[in-house]
Amino acid sequence: MQDLLSIEAWGLGLHSPLTIAGPCSAESAAQVSQTLDLLAEQSVDVFRAGIWKPRTRPNSFEGVGTVGLKWLKDAGLKHGKPVCVEVANVKHVHEALAHGIDILWVGARTTTNPFAVQEIADALEGIDIPVIVKNPVNPDLELWIGAIERLYRAGITKLAAIHRGFSTYDKSKYRNRPHWEIPIELRRRLPELPLLCDPSHICGRRDLIPGVAQEALDLNFDGLMIESHVNPDVALSDAKQQLTPAALSQVLASLVYRQPDTEDPIFHNKLERFRGEIDKLDREWIDILSKRMEIVREIGHYKKANNVAILQAARWNEIIETRLAQGIPLDLGENFLLTLLQSIHSESIRNQAHVMNGAEEVIKVQ
Ligand code: PEP
Ligand code: MN
């Protein structure tokens with residue numbers, strides 16, 4: 001996908017880092033124009049509003065429909081800003097295009113469905129419009145990339161991705177867990193694809209938005225999409241996460257935008273020295289892990305000779321307790337240590353199972 005265009009090349013006068021803002025849903029002509037009039041005074045580059053809302057339960061507000069497209073487009077024309085909406089099917093695409101919407105986005109629920117994405121891609125064949133693809137609701141990078149590929153194969157080269165977090169059944173302080181490793185891997189796989197972050201849908205509540213937005217900028221994302229409503233408390237969707245335009249202005253002013261890199265030779269010199277130290281330490285721990293695994297295999301032969309089971313729960317427990325007790329005071333995070341130990345332990349078990357039975361499969365131990 002090397003011919004993907006940068007945001008600067010979309011022909012809309014936009015540049016990275018991009019700020020998209022507007023209400024979760026268009027609710028009335030007044031709500032759209034009041035919100036966007038206020039946002040036009042901020043450093044907002046593109047207006048957003050949901051016209052057709054993918055709601056979990058059928059008795060919720062499902063969007064105003066086509067009438068809202070005009071409200072949004074009028075505000076865009078009034079303030080000279082491009083506007084974007086979510087499209088989930090071919091009808092949405094046709095109506096958005098007929099109303100001169102400048103940018104389309106594919107929502108998280110749609111990205112999960114290859115049939116729906118393919119229909120949208122087919123409807124867009126030969127049409128020159130930027131399309132932004134939100135991640136699927138489930139943490140599945142291939143599905144996200146697959147949706148991007150379907151649009152690309154339809155000839156869309158003005159593409160971007162939006163990270164909006166991933167839903168989970170268990171409780172978390174986030175509405176949708178960020179799983180930063182997934183957008184980071186997307187960036188590695190498709191470095192030319194502009195990548196935005198939607199902290200509103202990750203957080204689900206206003207107070208967490210600045211931290212997540214800053215984290216995205218620190219990871220060199222190309223911009224943010226943030227929900228804003230003139231009166232969030234009475235919003236018909238996503239009331240808890242929407243910011244007033246004034247609050248959004250404060251958040252934007254508090255963010256530190258970092259440069260992707262610098263030309264400064266002194267900086268690079270020092271960075272190279274730090275990186276040299278990291279490279280050396282990485283070589284050391286890989287060496288140590290390899291030696292550790294040799295001993296693990298020897299133990300495997302010994303257990304086999306004595307017909308003793310691989311998993312020794314008491315020993316595993318002791319390893320967790322002692323290593324956490326050593327690592328936590330050394331400023332290593334508990335979750336990090338646990339994940340690392342679990343990974344080493346699974347690999348040890350896989351090695352011993354191979355020694356005992358020639359078994360190849362990884363046995364997961366929690
Ligand atoms: C939205 O942006 O309002 C929306 C519905 O988002 P998502 O598809 O990320 O849930
Ligand atoms: Mn929303």
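**Exercise 1. The faces of β8**

Task: in β8, state which of Gly223, Leu224, Met225, Ile226 and Glu227 point one way and which the other way.

Solution. Gly223, Met225 and Glu227 point to one side of β8, Leu224 and Ile226 point the other way, and all are buried. Buried means under 20% relative accessible area, exposed over 50%, and partly exposed in between (1.4 Å probe, protein chains only). Strands (E, at least two residues) and helices (H or I, at least four) are DSSP runs numbered from the N terminus. In a regular strand the side chains alternate between the two faces of the sheet. Next, take the strand as a whole: 5 of the 5 residues of β8 are buried, so β8 is largely enclosed by the rest of the structure.

This is a predicted model, in which local features need pLDDT of at least 70 and side-chain atom pairs count only at pLDDT 80 or more, while totals for chains, interfaces and linings use all residues. Residues are numbered from 1 along each chain as its sequence is written, chains are lettered from A and ligands numbered from 1 in the order in which they are written, and side-chain values use heavy atoms, with hydrogens and water left out.

**Exercise 2. Strand pairing**

**Exercise 3. The manganese site**

Task: list the protein donors of the manganese ion (ligand 2) and give their spacing in sequence.

Solution. Donors are N, O and S atoms within 2.8 Å of the metal (3.2 Å for Na, K and Ca); water is not among the atoms, so sites may look incomplete. The protein donors are Cys24 (SG), His201 (NE2), Glu227 (OE) and Asp238 (OD), at 2.1 to 2.4 Å from the ion. Their residues are spaced C-x176-H-x25-E-x10-D. Cysteine 24, in the loop between β1 (18-22) and α1 (29-40), and aspartate 238, in the loop between β8 (223-227) and α10 (245-254), are 214 residues apart, and this pair links distant parts of the chain. Cysteine 24 is buried, with a relative accessible area of 1%; aspartate 238 is buried at 17%.

**Exercise 4. Two helix pairs**

Task: classify the packing of α5 with α6 and of α11 with α13.

Solution. Axes are lines fitted to C-alpha atoms, for helices over the stretch in contact, and angles run from 0 to 180 degrees between N-to-C directions. Angles under 35 degrees count as roughly parallel, over 145 as roughly antiparallel, 65 to 115 as roughly perpendicular and the rest as oblique.

- Helix α5 (residues 114-124) and helix α6 (residues 141-153) pack at about 20°, with axes 8 Å apart; they are therefore roughly parallel to each other.
- The axes of helix α11 (residues 265-305) and helix α13 (residues 334-357) come within 8 Å and cross at roughly 45°; α11 and α13 are therefore oblique to each other.
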